[in-house]
Amino acid sequence: MSVIAELATELAKLPGIGRKTATRLVYHLLKQPAASVERLALALQAVTRSVRACSTCGNLTEQDPCEFCADQRRDAGLVCVVEEASDIDAIERSGEYRGVYHVLGGHLSPLDGIGPDDLRIGSLLHRVGNGAGIREVIVATNPSMEGEVTATYVRGALDGHGVKVTRIALGLPVGGDLEYADGVTIARALSARRDMGG
Amino acid sequence: MELSGLTIRNFRNLASLDLELPSAGVVVLGDNGQGKTNLLEAMYYLVLFRSLRGAKDRELVRFGEEAFFVGGRANGGAFEVRAGYESAGRRKKISLDGNPVTRISDAVGKILAVSFAPSDRGIVAGPATGRRRYLDVLLSLAEPGYLARLTEMRSALKQRNAALRRGRGDEARAFDEPLASAGARVLEARTRWVERWSPRFGALTAALGERAEARMRYRTHRPPTADARSQFLDLLASHESRDLRRGMTTAGPHRDDLELSLEGRELRMYGSAGQQRTAAIALRLVEAETLRDSAGSPPIALYDDVFAELDEDRQARLLNLIHETLPGQAIVAAPRESEVPASMLDRPRWRVKGGRVAA
């Protein structure tokens, strides 16, 4: 295989990129100044060499423990459980959360051969059980069927660990329009309605 | 409900059609294999966004082409439904009045139709799958939320079965909850419908000329009580070791049956061809009445060569019932005019040949 074809094959393995786009990317790269392409190559190398999973929470990081686990100003008694490290970015963007995280590395999906042993559930139990003073675990897995099942599984696994377990609320998007929300979302929002007092 | 305009591109043998439909409907004539059934299938695609005949989307794409498109204007242009499918990305795009829908279930049943075809006899005579499909299609169209629950039930079932095949009871158990909550709703809807419509099914079968008493009954492990969800959870728990041995979920709504009987004898096994045909037509009429009641107006009726196989008496009886239940738009397909009942011939004729339609 030519080096061009080889690179295209590698690029085509990326999510959302098909064979055609991969080939176009290769030819695009070949038209760029060599220095700029080398910077990309170096960045790729740096990422693979220096990024690893945080030994405490599983977040992808260059330092271990990661920036969140190491941050003394954060509330280490509050742990937010997410499916992927990329979910942490989303929660951080809210600027509302001051606790720490735990990355499961996916969700339960027997169809894809992913069971509880393939997720970082054991290390979560270890964190909760080792006297680190965790008071509450917020389960923030995706609102998909698999995400819900994983949440229930985590809830069950934490039984008897003397920790409060909560689930993030599901419902209508803020700034959205009820009229345009789909039926499933509205049904969820209705069943999770809250008392307004009075 | 009526279809006022229909646009078809590369659907089965239909390359490119832009058709206007009159309120009363049309009579579609053409030799076999020219595209009559495909035309009806394209219309019904706008109801369910799936093939009426159970074909896969990629099989619907015209030979040598990469995508198909079907669009329909309903009720004189009051709303528009479009559906497109691309083989390469296996992508299906549905839009309502030009706005793409994210969940197909949000667009299912906007256009309502009932299709009568000789192959319907298979619902009565064939395996339980066909009868469950009949119930599922009907309830998806008539009951808001049913299709979403059914889809949830199916995905939970797939995951649970995969866990069982891996021999993992704990993983399988994790999917009991979504399976039971969606499955309970499916079960409740099905049993409620069967109870409500069984007498009508009997009355229609009688009106079609059958002397023995016809009934339908929903056959399940345990009929649902007030708390169908915990009942289903119990059922799953009690079958778990068997499920693990077999590598599949052995009890639940996905294994139930709609039992059709004449004087207590199951039509599937003991019915004559004629009795099975009559029962199949009665099922379609019950479907039409259910849709009419839920939507407030009769659905579009698609008749694919159904009158020729009935004797004169039954044909007259069916026409009477149709007159009552399905007074709206009718698309009547047959090879020749002589095979269309005279009372239905007061509609414009379309002739279908080689995938083309001439008025």
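Let's start in chain B of this predicted model, in the loop that runs between strand E1 (3-11) and strand E2 (14-20), where Arg12(B) sits. Look at the backbone here: Arg12(B) is not a glycine, and yet its phi is positive, at about 50 degrees.

Is Arg90(B) buried or exposed? Its relative accessibility is 62%, and because exposed means over 50%, Arg90(B) counts as exposed.

Now move over to chain A. In the loop between strand E2 (60-61) and helix H4 (67-70) of chain A you will find Pro65(A). The peptide bond joining Asp64(A) to Pro65(A) is cis, with omega at about 0 degrees.

Further along chain A, strand E5 (residues 136-139) and strand E6 (residues 164-167) pair in the parallel sense, with four bridges between them. To see one of these pairings, find Ile138(A): its bridge partner in E6(A) is Thr166(A). Together with helix H7 (residues 145-157) of chain A, E5(A) and E6(A) make a β-α-β unit that is right-handed.

Finally, turn to the surface of chain A. Val3(A), Ile4(A), Tyr27(A) and Leu30(A) form a nonpolar patch there, and their accessible area together is about 400 Å². Helix H1 (3-11) and helix H2 (19-31) of chain A are the elements that each give two or more residues to this patch. Val3(A) belongs to helix H1 of chain A, and this residue counts as exposed because its relative accessibility is 67%.

Definitions and conventions. Residues numbered from 1 in each chain as written. Chains lettered and ligands numbered in written order. Predicted model: local features only at pLDDT ≥ 70, side-chain atom pairs only at ≥ 80, totals over all residues. Heavy atoms only, no water. Patch = residues over 30% accessible without salt bridge, like charges linked within 9 Å, V, L, I, M, F, W, Y side chains within 5 Å. Areas by Shrake-Rupley, 256 points an atom, 1.4 Å probe, with all protein chains shown as cover. Salt bridge = Lys/Arg side-chain N within 4 Å of Asp/Glu carboxyl O. Buried < 20%, exposed > 50% of the residue type's maximum accessible area, 1.4 Å probe, protein only. Pairing = 2+ DSSP bridges. Right-handed = clockwise from strand over helix to strand, strands pointing away.
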